[in-house]
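Hi everyone, thanks for coming. I have one structure for you today, so let me put it on the screen and walk you through a few parts of it.

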Amino acid sequence: MNFMSIPALRNNQKQDLIRRNYREIYNHELAHKNAAGSLAGPIVIEKNSEGIPVGGHVSIQMPTLNKDNPKETIEHADTVIKAAMAPSDPSSQDYKVASEARLIKTQAEGLEHKKRLNYYA
């Protein structure tokens, strides 16, 4: 029989943990990136002092209220909302980003509604 030493076993367990965490975090962030398209930055995996992946993020360009073209703002906000909620296990930060984008979308919808009312006035 081939017995591994305790430190070697711990090292194998650590390597398994690193691979498992990396895969889970990467897939979560990849869902954001794929849904955001060109609005997304690179995937960043954060590691603790032992080199174990513990989190990650993808920057997403948040919409700004475009008073001249609220439809553009609405479409941008929809993409951000979709990207924030894309993973099967959204984090509290993901919900926060989606909420901020919904707020901007609501403001843009109000402007769009106002524009339509002025058009028919």
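Let's start with the surroundings of His 28. Setting aside residues up to four places away in sequence, His 28 touches Pro 87, Asp 89, Pro 90, Ser 91 and Asp 94. One of those partners also shows up as a polar contact: the side chains of His 28 and Asp 89 pair up at 2.9 Å. Please keep in mind that this is a predicted model. His 28 itself sits in helix α1. Is His 28 buried or exposed? Its relative accessible area is 12%, and the cut-off for buried is under 20%, so His 28 counts as buried.

The largest pocket has a volume of about 390 Å³. Which residues lie nearest its centre? They are Glu 29, His 32, Gly 56, His 57 and Asp 94, out of a lining of 19 residues. You will remember Asp 94 from the list of residues that His 28 touches. Three elements supply at least two lining residues each, namely α1 (6-36), β2 (53-60) and α3 (92-120). Of the elements, β2 gives the most, with seven residues.

Val 44 is in contact with Gly 55, Gly 56 and His 57, leaving aside its neighbours within four places in sequence. Val 44 belongs to strand β1, residues 40-47. With a relative accessible area of 31%, Val 44 is partly exposed, because that value falls between the 20% and 50% cut-offs.

Last stop, the nonpolar side of things. In soluble globular proteins, nonpolar side chains tend to be buried together. Here, the largest nonpolar core has 13 residues, and Ala 36, Ile 60, Val 80 and Ala 83 have the most contacts inside it. Two or more residues come from each of α1, β2, α2 (70-84) and α3, with α2 giving the most, at four. What does Ala 83 touch beyond residues up to four places away in sequence? Its partners are His 32, Ala 35, Ala 36 and Ile 60. His 32 is also one of the residues nearest the centre of the largest pocket.

Technical notes: Residues are numbered from 1 along each chain as its sequence is written. This is a predicted model: local features need pLDDT of at least 70, side-chain atom pairs count only at pLDDT 80 or more; totals for chains, interfaces and linings use all residues. Side-chain values use heavy atoms; hydrogens and water are left out. On a 1 Å grid over the protein atoms alone, a cavity is a set of points where a 1.4 Å probe fits but cannot get out, and a pocket is an open set with protein on both sides within 12 Å along at least five of seven lines; lining residues have an atom within 4 Å of a point. Grid points are joined across faces, edges and corners, and a volume is the space filled by probe spheres set on the points. A nonpolar core is a set of buried Ala, Val, Leu, Ile, Met, Phe, Trp, Tyr and Cys residues joined through side-chain atoms within 4.5 Å. Buried means under 20% relative accessible area, exposed over 50%, partly exposed in between (1.4 Å probe, protein chains only). Contact means heavy atoms within 4.5 Å. A polar contact is a pair of N or O atoms within 3.5 Å; within protein, one must be able to donate a hydrogen and the other to accept it, and residues adjacent in sequence count only if both atoms are side-chain atoms.
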